[in-house]
Amino acid sequence: MKLKKKIPLIDQHNKYGMWGNKFGGNFVPETLKKPINDLEILFNKLRNDKKFIQERDDYFKNWIGSPTRFVPLNNLNNHIRGAQIWTKIVSDANGGAHKIYNATVHCLLAKKAGKKFIVGDTGAGYAGKMLSMAAKKFGLKCKIFMGAKDIKRQQPNVKAMKKNGAEVIPVYTGSQTLIDAVSECMRYWVSNCDTTHMCVGSTVGPNIFVKICGWSTSQISRELKKQILEEFGKIPKKLKLYNCVGGGSSSFGFWNEFMDFEKKQVEFIGVEAGGPKKSKRHAAPLTYGSKVGVLHGAMQYVVQNKEGQIEETESISAGLDYSGVSPLHCFLKDTKRARYTAASDEDALKAYKLITKFESLRPSLEPSHAFSVAIKEAKKFDRETIIIVNSCGDAHKDKNILKAKLGYKYAQFN
Ligand SMILES: *Cc1c(COP(=O)(O)O)cnc(C)c1O
């Protein structure tokens, strides 16, 4: 299994849509083949269309607010006295996280396909919230499928989706969570694909959805590369890029433009959710050696029990609480281009506390996982080493958890 140079990673799959002949693919019912095929044709045409790229970039700049900031964390660095930690504040983006890039591109594709409706699934609700935001911007009617159990525990996001004019459809089958919402959403899409476009919220799902999402979030590393060159005049000799990994869309987007560098020069570190220290449960299939299985139409490492049943995960951060992981990351793990590790709930909270003590930055619990590992490792490296952490979400959404776990002082936002 080998990583090729000069070919985008999203295109390094075989004719079955699999990376390394092993991960990804299209494990979907026969009825989904036609709409998927149509979407592949549309995307392959538009990604080479200069006018479309210009339109995309216009929305990225004038609606999402790209480029997001790239800044050093000097106070924190003076305290740590190791490698220099910098961050790209991707949470500056409209909506407060990177999911808006994928949602925007899907809405653009829907418009180009002449569709009036867009559907998507959501677990914790952020993918749904971002899609409803983008749908409103583009004048598309939006339906979000969400497990009935998730609707109960994620009320603020449900309210936000409705406020954006989306219809939230409760799913009562199975465990009444994300897995069931995805199945229901796909079923709906099959019967309505003439009028309706479907969006998958991360670099997961059937092959084409992995590709579209990865293509969209790669904006993050396109910006970062420019910003690094402006700041340092070259790509540093020792550069380390830390990113949390749930489905894997922010991390893939953060790394993509640096894929062809040797890992001795540009190292990728993916940080999964290790869950509470006392619990055996986690959401870290790459770190803890989970077996390969099929989830959401694709082969991937997935948290499962001995019988191969998908196991429930546990994490303090809703965004990382997912049993599977993108086939792109499975491939990056097997080719050893990226290194994967986990941070516990407690580690993430500790990192959040430390960062907010020294900096005005407030990373949400997902990037706090990445910061935790970056801070620990920074102590072992010299000043020449540049560490960059993707601060992909804002802690405002985690206000209630932060208040419960750390106290009122850590949960005050203007
Ligand atoms: C959804 C989400 C994640 C996890 O998803 P990826 O696809 O791995 O990026 C991480 N951080 C934030 C802030 C999120 O909203």
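Helix axes here are lines fitted to C-alpha atoms over the stretch in contact, and the angle between two of them runs from 0 to 180 degrees between N-to-C directions. The model is predicted. With that in hand, start at one helix pair.

Helix α4 covers residues 99-112, and helix α5 covers residues 126-138. Their axes come within 9 Å and cross at roughly 45°. That angle makes α4 oblique to α5. The crossing of α4 past α5 is right-handed. On the α4 side, the contact uses K99, I100, A103, T104, C107, L108 and K111. On the α5 side, Y126, A127, M130, L131, M133, A134, A135 and F138 meet them. Sorted by class, this α4 and α5 contact holds twelve nonpolar residues, one polar and two charged. An α-helix has 3.6 residues a turn, so residues three or four places apart point the same way.

Stay with α5. How far apart are its end C-alpha atoms? They lie 18 Å apart, which agrees with the 18 Å that 13 residues should span at 1.5 Å a residue. Helix α5 is mostly covered, with ten of its 13 residues buried. The buried residues are Y126, A127, G128, M130, L131, S132, M133, A134, A135 and F138. Helix α4 is one part of the cover. Helices α2 and α7 (155-163) also contribute. So do the strands β5 (117-122), β6 (141-147) and β8 (196-199).

Just after α5 comes G139, with a positive phi of about 70°. G139 sits in the loop between α5 and β6. Is G139 buried or exposed? Its relative accessibility is 61%, so G139 counts as exposed. The C-alpha atoms of G139 and C107 are 9.2 Å apart, although 32 residues separate the two along the chain.

Helix α9 (residues 207-217) and helix α10 (residues 219-232) pack with their axes 4 Å apart, at an angle of about 25°. The cut-off for roughly parallel is under 35 degrees, so α9 counts as roughly parallel to α10. W215, S216 and T217 of α9 make the contact with Q219, I220 and S221 of α10. By class, the contact of α9 with α10 has two nonpolar residues, four polar and no charged ones.

Next, helix α13, residues 345-358. This helix has 14 residues. From first C-alpha to last, α13 reaches 21 Å, close to the 20 Å expected at 1.5 Å a residue. Which residues of α13 are buried? They are D345, D347, A348, L349, A351, Y352, I355 and T356. These buried residues pack against the helices α3 (74-80), α14 (365-378) and α15 (399-406). They also pack against the strands β10 (266-275) and β13 (338-344).

Strand β10 leads on to A284, which lies in the loop between β10 and β11 (292-295). A284 has 0% relative accessibility, so A284 counts as buried. Beyond its neighbours within four places in sequence, A284 is in contact with E272, A273, V303 and A342.

Finish with the backbone. Most residues other than glycine have a negative phi, and most peptide bonds are trans.

One is N21, whose phi is near 55°, a positive value in a residue other than glycine. N21 lies in the loop between β1 (18-19) and β2 (23-24). At 60% relative accessibility, N21 counts as exposed.

Another is Q176. It is not a glycine, yet its phi is positive, at about 60°. Q176 lies in the loop between β7 (167-171) and α8 (178-192). Is Q176 buried, partly exposed or exposed? At 26% relative accessibility, Q176 counts as partly exposed.

The remaining site is a peptide bond. S66 and P67 are joined by a cis bond, with omega about -5°. P67 lies in the loop between α2 (50-64) and β3 (70-72).

Notes: Residues numbered from 1 in each chain as written. Predicted model: local features only at pLDDT ≥ 70, side-chain atom pairs only at ≥ 80, totals over all residues. Heavy atoms only, no water. Helix = DSSP H or I, 4+ residues; strand = E, 2+ residues; numbered from the N terminus. Buried < 20%, exposed > 50% of the residue type's maximum accessible area, 1.4 Å probe, protein only. Parallel < 35°, antiparallel > 145°, perpendicular 65-115°, else oblique. Left-handed = near helix turned anticlockwise from the far one by under 90°. Contact = heavy atoms within 4.5 Å. Nonpolar A, V, L, I, M, F, W, Y, C, P; charged D, E, K, R; others polar. Expected span 1.5 Å × (residues − 1).
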